[in-house]
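Please look over the sequence and the model below, and then read the report that follows with both of them in view.

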Amino acid sequence: MRHLLFFFSLCLLVVSCGHSSPQDKVLLARADSLMEVHPDSALTLLNHITDSKYLSSSAHALYALLMSQALDKNNIEVQSDSLIRIATAYYHGKKEFSHAGYAWFYLSRVEGNRGNAEGRAAALLKAQSYAVRSNNYKLQGFVYGEKAREYQVQQQPDSTLFYYRLAYSAFQNAGDRRNATVGLINIANCYYMQSRFDSALVYFHLADETARSFHETSLHTSICRFTGLIAYCQKNYPLALHDLRIAAQTRDQYDYSKWIDMAMIYLQTNQLDSAKIYLNRCYDPHEMAPAYYRLWQQINQKEGHLAAALYYADRVSIAKDSLS
């Protein structure tokens, strides 16, 4: 009798652990449908699944993938790979190539967050192999874009440009106009970083035409920032100021960079008070700290405040060391 009771208990446990409730299935489906447009809503829905361990294995893998995706899209940095590896383990060897590709893609993001360059590269290779077999052009675009950024960090401009071109082509094939436009901006930025300004402007203008066609203001202002910087490099300060003022109309996490750019132009035109106004708006210069302090150094030199100029010169060195 005891053995019989144990057998029934085991069967009950298997049934409860192997099946997802109708409510959880609905939550997963709705989160999946909202992920692209409203990732914050998708994350809220996924948080309503109270215990993912009781989902079926396929639903558990989908939950792990969607949750990883939602966290990434909501700019919540994840360094633990335990969640996304549920998805990579489940989709390994299965013919769900699109899900497998995304699973390995988000694993590469986690490895990047952990500072594991080798793990990131290996996960991206896996993601790419699944993406190609899936014929999912959007997934291919994301993977190629991530590979481009990987080469960018390694300061390999030719490989960076090659993969940004592949990403742009993939997003075009997917009919994803916004990400295709971002692809054009990335290609243009590659040329800008190499000081090939004429080529950069060709792609920036093409990206701007595309962005205007679907009224994407944020992309237009981003493009204006780059064209303003090119005008600055070419010493066309009135045009640089015009474009950067347009760029500053959109407030985002890169405001500090815009204020520094504006201050840079005002310094070149000897409008020191205006330069200081924009630098004072920059409460945290982030990775642009060396440029920020160098501008303060140059302003104080022009004003004859040598002690202050020396102080900011020292801050430039400290900021460089800190970034290194």
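## Overall fold

Helices, taken as H or I runs of at least four residues, and strands, taken as E runs of at least two, are DSSP runs numbered from the N terminus. In this predicted model, the secondary structure of the protein chain comes to 17 helices and 0 strands.

The C-alpha trace spans about 95 × 45 × 35 Å along its principal axes, and the radius of gyration of the protein chain is 25 Å, whereas a compact globule of 324 residues would have one near 20 Å. Of the 324 residues, 47% count as buried, and the accessible surface comes to about 17,700 Å², of which 54% belongs to carbon and sulfur atoms.

## Charges and salt bridges

The protein chain carries 32 positive and 29 negative side chains, and the centres of these two sets lie 3 Å apart. A search of the whole structure finds 20 salt bridges, and one network of salt bridges links Asp72, Arg109, Arg120, Glu146 and Arg149.

## Two buried aspartates

Asp208 forms a salt bridge with Arg212, with the closest N and O atoms 3.3 Å apart, and both residues lie in helix α11, 4 residues apart, which is about one turn of the helix. Asp208 counts as buried because its relative accessibility is 12%, while Arg212, at 51%, is exposed.

Asp255 meets Arg251 in a salt bridge of 2.6 Å, N to O, and Asp255 also meets Lys258 in a salt bridge of 3.5 Å, N to O. Asp255 is buried at 10% relative accessible area, and Lys258 is buried as well, whereas Arg251 counts as exposed at 60% relative accessibility. Asp255 and Lys258 both lie in helix α14, 3 residues apart.

Technical notes: Residues are numbered from 1 along each chain as its sequence is written. This is a predicted model: local features need pLDDT of at least 70, side-chain atom pairs count only at pLDDT 80 or more; totals for chains, interfaces and linings use all residues. Side-chain values use heavy atoms; hydrogens and water are left out. The radius of gyration is taken over C-alpha atoms; the globule rule is 2.2 Å times the number of residues to the power 0.38. Buried means under 20% relative accessible area, exposed over 50%, partly exposed in between (1.4 Å probe, protein chains only). Accessible areas come from the Shrake-Rupley method with a 1.4 Å probe; for residues, only the protein chains shown count as cover. Lys and Arg count as positive and Asp and Glu as negative; His and the chain ends are not counted. The place of a charge is taken as NZ of Lys, CZ of Arg, CG of Asp or CD of Glu. A salt bridge is a side-chain nitrogen of Lys or Arg within 4 Å of a carboxyl oxygen of Asp or Glu.
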